[in-house]
Amino acid sequence: MIVTLTVNPSFDRTVELDAPLERGQVQRAVVTGQEPGGKGVNVSRALHAAGCDTLAILPGASTDPLVVALEASGIPTATVSIDSPIRSNITLAEPDGTTTKLNDPGVHLSEAVVAALIDMVVTQSASASWLVLAGSVPPGVADTFYATLVRAVRASPTAPRIAVDSSGSPLAALVASGERVDLIKPNAEELLQLAESQGLDTGSATHEQLEADPELAVSLAQALLSPALGAVLVTLGSHGAVLVDAEGAWRAPAPRIVARSTVGAGDCSLAGYVLADQRGDLPAGRLAQAVAHGAAAASLPGTTVPTLEQTHPGDIVVTTIPRIAAGRI
C-alpha cells in the first residue's frame, strides 16, 4: 500500500487550444476535460492505473465533486471534512505541448483540520510501504507543516518510507529541519531554489542549464544529501531525469514523444519511481520507470495518467554518472 497526502487538492480543468495562446484574443477550445488533481492525488491516480494499492488522503467534504470523482474512479480515499469547496485550477494546453496553469491558492484550513490530517496520515500510513507527501500548502498551513508531519510519522515504530514532492518554503523548511525523508523529487527550478535556501553555492546556474546538463544537476543534488535525506530524484523536463543517493548517481534521458500536456507528468514520474521500488527494482530500474511514466503522461491529453502498459521502461537507457561530477558548481 502506498499512501498519499494532498493537503491542497484541486479539481483540474484542462482546455486544449487549436492554436498557440494569444493574449487578449478569443480562441477556440478543441477539447476540454476535468480531473481530480493536486500532486498527491495525481500520484494515487497513476498508481491505481498501474494496479498498485493506494490510499489518497485529502481535506474535503464527502460530497465535494473532486472526492466524488475519485471514488467513482475506484480510488480509495480518506478525507477530513471541510466546509468550503475544493479549489479549481485551469490549464491551457497549446498544440506544441506548451501549458499555462492558473492555480487558485486553495481553501484556508483551520488548526483543527490540520491536526486531524496529521492524525489521519499517522494512522493510515502505519502499515504502508511508502508515504508520499506532495504539493503546495494552502492558506492557514505553516511552512513547517511537512517537517511537523514527518516527525509525527517517524514516531511510529512501523513508519513507512517517505517521499516528498513540494517546493518553496515548505520543502526548504523540511530539509532544514533534519527530519528524515527517503526521497525528494524536485524539478530543475525547484532544485535550484532548494539549494539556495540551504546556503549552497549555485553560482550563476539557471534551471535551463540544469535541464540541459544532467551532471550539473547531479552535482547540486549530491550537495543536498545528508543522513536525513536519502535520495534526490530530479526531473529535467524533456531531458529526462537524474537520481542521486549515497551509493551513486544515474541519468536517464527522456524518450522522444509528441507532448500533449506536461501537467502531472512529474507526479507520474514519482508514481513510477515508488511503483518500481515496490517490485524490488534497483536504482537504475526505479529511474527508468520514473522517466517512462513521466514521458507517457506528457504524451496524453490534460492530466490523464498512463496505465502500466503505456509505459516502456525497457526503452529507457540509464547510465551511471561518476562521483567526480560533484562540486562543479
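The model is a predicted one, in which local features need pLDDT of at least 70 and side-chain atom pairs count only at pLDDT 80 or more, while totals for chains, interfaces and linings use all residues. Residues are numbered from 1 along each chain as its sequence is written, and side-chain values use heavy atoms, with hydrogens and water left out.

Thr311 is placed in the loop between H10 and strand S14 (319-320); helices (H or I, at least four residues) and strands (E, at least two) are DSSP runs numbered from the N terminus. Not counting residues up to four places away in sequence, Thr311 touches Gln289, Ala292, His293, Ala296 and Pro306, where contact means heavy atoms within 4.5 Å. Between the C-alpha atoms of Thr311 and Ala297, which are 14 residues apart along the chain, the separation is 8.8 Å.

## Gln310 in the loop

Gln310 also belongs to the loop between H10 and S14. Gln310 is partly exposed, with a relative accessible area of 38%. When neighbours within four places in sequence are set aside, the contacts of Gln310 are Ala296, Leu300 and Val305. The C-alpha atom of Gln310 is separated by 37 Å from that of Val141, 169 residues apart along the chain.

The UniProt record, an unreviewed entry, carries the annotation "domain: Carbohydrate kinase PfkB" for residues 8-301; its positions are given in the numbering used here, feature names are shortened, and annotations may be inferred rather than shown by experiment. Residues 8-301 are 37% helix and 22% strand, and the end C-alpha atoms of this span lie 23 Å apart.

Helix H10 covers residues 283-298, and its 16 residues should span 22 Å at 1.5 Å a residue, which agrees with the 23 Å between its end C-alpha atoms. The expected span is 1.5 Å times one less than the number of residues. Because 14 of the 16 residues of H10 are buried, this helix is largely enclosed by the rest of the structure.

Helix H4 (residues 145-154) is mostly covered, with seven of its 10 residues buried. These are Phe145, Tyr146, Ala147, Leu149, Val150, Val153 and Arg154. The cover over the buried residues of H4 includes strands S1 (2-5), S8 (130-134) and S9 (161-165), as well as helices H3 (111-124) and H5 (168-177).

## Ser44 in helix H1

Ser44 forms part of helix H1 (residues 39-49). Ser44 is buried, with a relative accessible area of 1%. Leaving aside neighbours within four places in sequence, Ser44 is in contact with Thr4, Thr54, Leu55, Ala56 and Ile75.

Definitions and conventions: Buried means under 20% relative accessible area, exposed over 50%, partly exposed in between (1.4 Å probe, protein chains only).
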